[in-house]
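Grab a pencil and work through these exercises. Each has a task, then a solution you can follow step by step.

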Amino acid sequence: MGIDIRTAAPADAVSACALLRRSIELGCEADHRDRPGLLDTWLGNKTPENVGAWFAAPTNYAIVAEQDGKLLGLALLTQAGKVPLCYVEPDALRIGVGRSLLAALEAQARTWNIRKLHLHSPQSAAQFFERHGYTNAGLEKSCFGMESNLLWKALDIDPAVAAKQGKRFCNCSQ
């Protein structure tokens, strides 16, 4: 009965896209209320084809959360440390789905030796990220025109991973 996190596959694209759109339409309603143009722009690239391409891109780490075979959430991390997607089914909020997705993204970021994550969040979700250690750097215009919170989090790197990978740039201090 727990929440299972697994790698997203292009075959998940249709159901993941539907979840993503529902989450924005219903879960983020306070952020786009009375602004249909904003909602249309926000949803504009949320197509099954695009979601499938995001899941398939080799530089992305895409995951989904499931419970009893039902898709409850999805998240995506780029190798640049950006979290462009972290969405939960509106009926599944506050049961640990988002927390599980974030933990999995952060674990992957550490294996990639990423030291800082960043994301844009609508106002309705900013407190969630803040509760999980993200610093709110203030408002910025998102790519679709909405004022969004720019959030970031410094990650501690697992010493075992860092030792395996060595220094990233040079050995100047040796």
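**Exercise 1.** In which helix is the place of Ser23? Then find out whether Ser23 is buried or exposed.

Before you start: this is a predicted model, where local features need pLDDT of at least 70, side-chain atom pairs count only at pLDDT 80 or more, and totals for chains, interfaces and linings use all residues. Residues are numbered from 1 along each chain as its sequence is written, and side-chain values use heavy atoms, with hydrogens and water left out.

*Solution.* Step 1: look for Ser23 in helix 1 (residues 13–27). Helices here are DSSP runs of H or I with at least four residues, strands are runs of E with at least two, and both are numbered from the N terminus.
Step 1: the relative accessible area of Ser23 is 5%, so Ser23 is buried (buried means under 20%, exposed over 50%, partly exposed in between, with a 1.4 Å probe and protein chains only).
Step 2: skip the neighbours within four places in sequence, and Ser23 is in contact with Cys28, Tyr87, Val88 and Pro90 (contact means heavy atoms within 4.5 Å).

**Exercise 2.** Which residues does Thr78 contact, leaving aside its neighbours within four places in sequence?

*Solution.* Step 1: find Thr78 in strand 3 (residues 70–78).
Step 1: its relative accessibility is 17%, so Thr78 counts as buried.
Step 2: the contacts are Thr59, Asn60, Pro84, Trp112 and Ile114. Take Ile114: Thr78 and Ile114 are 36 residues apart in sequence and 10.0 Å apart in space, C-alpha to C-alpha.

**Exercise 3.** How many aromatic pairs does a search of the whole structure find?

*Solution.* Step 1: the search turns up 3. Rings of Phe, Tyr and Trp (its six-membered ring) pair if their centres lie within 6.5 Å; planes under 30 degrees apart count as stacked, over 60 as edge-to-face and the rest as tilted.
Step 1: check accessibility. Tyr61 is buried at 19%, while Trp112 is partly exposed at 25%.
Step 2: now Phe129 and Tyr134. Their ring centres are 5.8 Å apart and the planes are at 75°, so this pair is edge-to-face. Phe129 is buried at 5%, and Tyr134 is buried at 4%.
Step 3: ring pairs link Phe128, Phe129 and Tyr134 into a cluster.
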